[in-house]
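Please keep the sequence and the model at hand while reading.

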Amino acid sequence: MKSLLARMRANRLASTFLILATVSAALVGGSFAAHGVRGQERTSDSSDATPLKVANSSTEPNAFVKIAKAVGPAVVNINTRTLPKAADLKNRHPNPHSRIQPNPQAPGDDDDNQDQNPDQGQGQGQGQNNFQDFFNRFFGGQIPDQGDGGDDGQVRESLGSGFIVDAKGYIITNNHVIEKADQIFVKLSTDPDSQDLGRPARVIGIDKATDLAVIKIDTSSPLPTVKMGNSDQAEVGDWVEAIGSPFALAQTVTAGIVSAKNRTIEPGVAGQFQHFIQTDAAINPGNSGGPLLNMNGEVVGVNTAIYTQSAGYQGIGFAMPSNTVVSVYNDLVSPSHKVVRGSIGISFHSGLSSAINRVYGFKNGVLVQLVQPGGPADKAGMKPGDIITSIDGRSIKDGDDLVNDIASRRPGSSIRLGFMRDGKQSDATVTVGDRDKVFAEIAGQQLQTTPDNTSEAGEKLGLAVRQVTDQTASKLHTPGVIIQSVRTGSFADLQGLEPGLVIVRINKHSTGTKDQFDAVVKSLKTGDDIVFEVMDPRHPENGINYIGGTL
């Protein structure tokens, strides 16, 4: 029995050694085979291969190449920084579980209820849901607001484009690129490609109605400039070229055609002066403020918005026509730094149905919906229900035609309006008013232009004030001066001051009376840091808000 067990144990060990030897032989053989293959690959004969050479032939530059080389040096990067505000941090109640999300709301406008605004028309756009502030206004790199609407307490940086129109350093861009920015920097195409944000710039003027702005950088030598073209001569189907800094990629060139003209993308008053050139040239976040060029290398538009449902380019972009840009620029660089538009103080609706036209008996014209009491049209005897058919003998097609004509007139000038009332033709002489003043009157914020309210001191900051009533002072538990009007593009406007706020101190000096306000402001000079302590009489429980900037 023991002998049998010994033989079985010996045979098992022999079988095991035999299996291990077979596996080892297979592994060694496979390794040699693999090495042999690799050796064959390394020693393959390639003596018959011909080395590649770079062709030395030249290609005739096309029109796009020539334009990019000629215009590119005048296109700039614009970087902005918005610093956290102390008051925002104090009043903010953050949710520790919240995440930063893109703001899905449409680009806002400072106008109040548009149904109450003068010269109102309705645009032909598709609504505002797809015009998101972050993507559609090309704020490359902007951090959206927190979900709770508060400030996140960090410096916010944004990116846009612009182009030089004056060798002395004047640059055109979009207002939304530099709006509410505490610091603005411009980087030229010839500046070093470094982490430096660029050269400091200052705001010359802004026009919210067309979303345009003029900024300036200091320079010791003349800068390259663009040529402004005639956008009225652009035709649908014309080739165009866009240059800008999408996603911070400077000097990016794209091309397309003019897809449509006179496109309104925001209905009502918000889009009343925004009749865009539509293009399929690729434009993305960061292109905002850059030029749209024709084949002569002339600027025919300022890239402003895109239509998208995917947060990126979808072949539909919009540029403000150059003819509008030139007019706005000339006003912004004037001594007033303000675009002055005419108004006659009426409201109306565009795009009325043909049934209304037939019932009221007109084909072309504007049906007056509201006449502002005490406004220019009211003083001329016009009434709701009148149908404006002509201006100075020229037939009016629609509301846009009416607004564009009247807005181009200077306040104080006279026009002859032809209109129908109860089926009878009539006319009236109307003295054109200042649109800003008419707006303020309708909003219940009557502009005061008497010496008692608009002083030399107030002009320095761009606002008119008066002393608050005893009732308001009691509600706020402090005296102060209430802001009655703010000049567009002024220092006060750029800091976010608005009518209705009460200034209680400036640079820690009391402004409880009009005389105290004037004395403090007169002592201020260019380059001074200014801090306003303001309160909102509608919400006195919010306490004092601190708003500051450099004059």
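In which sense do strand β2 and β3 pair, and over how many bridges? Strand β2 (residues 156–166) pairs with β3 in the antiparallel sense, over 3 bridges. Two strands are said to pair if DSSP finds at least two bridges between them. Strands here are DSSP runs of E with at least two residues, and helices are runs of H or I with at least four residues, both numbered from the N terminus.

The model is predicted, and local features need pLDDT of at least 70, side-chain atom pairs count only at pLDDT 80 or more, and totals for chains, interfaces and linings use all residues. Residues are numbered from 1 along each chain as its sequence is written, and side-chain values use heavy atoms, with hydrogens and water left out.

**The chain as a whole**

The protein chain has 14 helices and 27 strands. Of its 551 residues, 44% count as buried, where buried means under 20% relative accessible area, exposed over 50%, and partly exposed in between (1.4 Å probe, protein chains only). Among contacts in the protein chain with a separation of 6 or more, 65% come from residues 24 or more positions apart. A contact means heavy atoms within 4.5 Å.

**Strand β3 and the barrel**

Strands of a sheet pair through backbone hydrogen bonds, either parallel or antiparallel. A closed barrel of 6 strands runs in the order β1-β2-β3-β6-β5-β4, with antiparallel pairing. From one strand to the next, the twist averages 40°. Helix α6 packs on the sheet and touches β2, β3, β5 (199–207) and β6, and its direction makes about 55° with that of β6. For such angles, axes are lines fitted to C-alpha atoms, for helices over the stretch in contact, and values run from 0 to 180 degrees between N-to-C directions.

On one side, β2 and β3 form a hairpin with 3 residues between them, and Gly169 in the turn has a positive phi of about 110°. Ile172 of β3 is the bridge partner of Phe163, and Ile172 also stands opposite Val214 in β6. The strands β3 and β6 (residues 212–217) run antiparallel and are joined by 5 bridges. Another of the bridge pairs links Tyr170 to Lys216 in β6.

How many of the 9 residues of strand β12 are buried? In β12 (residues 298–306) the number is 8, so this strand is largely enclosed by the rest of the structure.

| Strand paired with β12 | Sense | Bridges |
|---|---|---|
| β7 (residues 227–228) | parallel | 2 bridges |
| β11 (residues 291–293) | antiparallel | 3 bridges |
| β13 | antiparallel | 5 bridges |

Lys227 has Glu298 of β12 as its bridge partner, while Leu292 is bridged to Gly301 of β12. Val302 has its bridge partner in β13, namely Met320. β11 and β12 form a hairpin with 4 residues between them, and Gly297 in the turn has a positive phi of about 75°.

**The second largest pocket**

The second largest pocket has a volume of about 780 Å³. Of the 30 residues that line the second largest pocket, Phe273, His275, Asn323, Thr324 and Asn404 are the closest to its centre. Elements giving two or more residues to this lining are β9 (252–263), β10 (276–279), β13 (317–321), α6 (322–332) and α9 (399–407). A pocket is an open set of points on a 1 Å grid over the protein atoms alone, where a 1.4 Å probe fits, with protein on both sides within 12 Å along at least five of seven lines; lining residues have an atom within 4 Å of a point. Grid points are joined across faces, edges and corners, and the volume is the space filled by probe spheres set on the points.

By class, the lining of the second largest pocket has 9 nonpolar, 10 polar and 11 charged residues. Ala, Val, Leu, Ile, Met, Phe, Trp, Tyr, Cys and Pro count as nonpolar, Asp, Glu, Lys and Arg as charged, and the others, Gly among them, as polar.

**Loop residues**

Gln251 lies in the loop between β8 (239–244) and β9. Its phi is near 60°, a positive value in a residue other than glycine, and Gln251 counts as partly exposed at 32% relative accessibility. Asn507, in the loop between β24 (502–506) and β25 (509–510), has a positive phi of about 50° although it is not a glycine. Asn507 is partly exposed, with a relative accessible area of 24%.

Is Thr478 buried or exposed? Thr478 is buried, with a relative accessible area of 17%, and is found in the loop between α12 (470–476) and β23 (481–486). Not counting residues up to four places away in sequence, Thr478 touches Ala473, Val504 and Met535.
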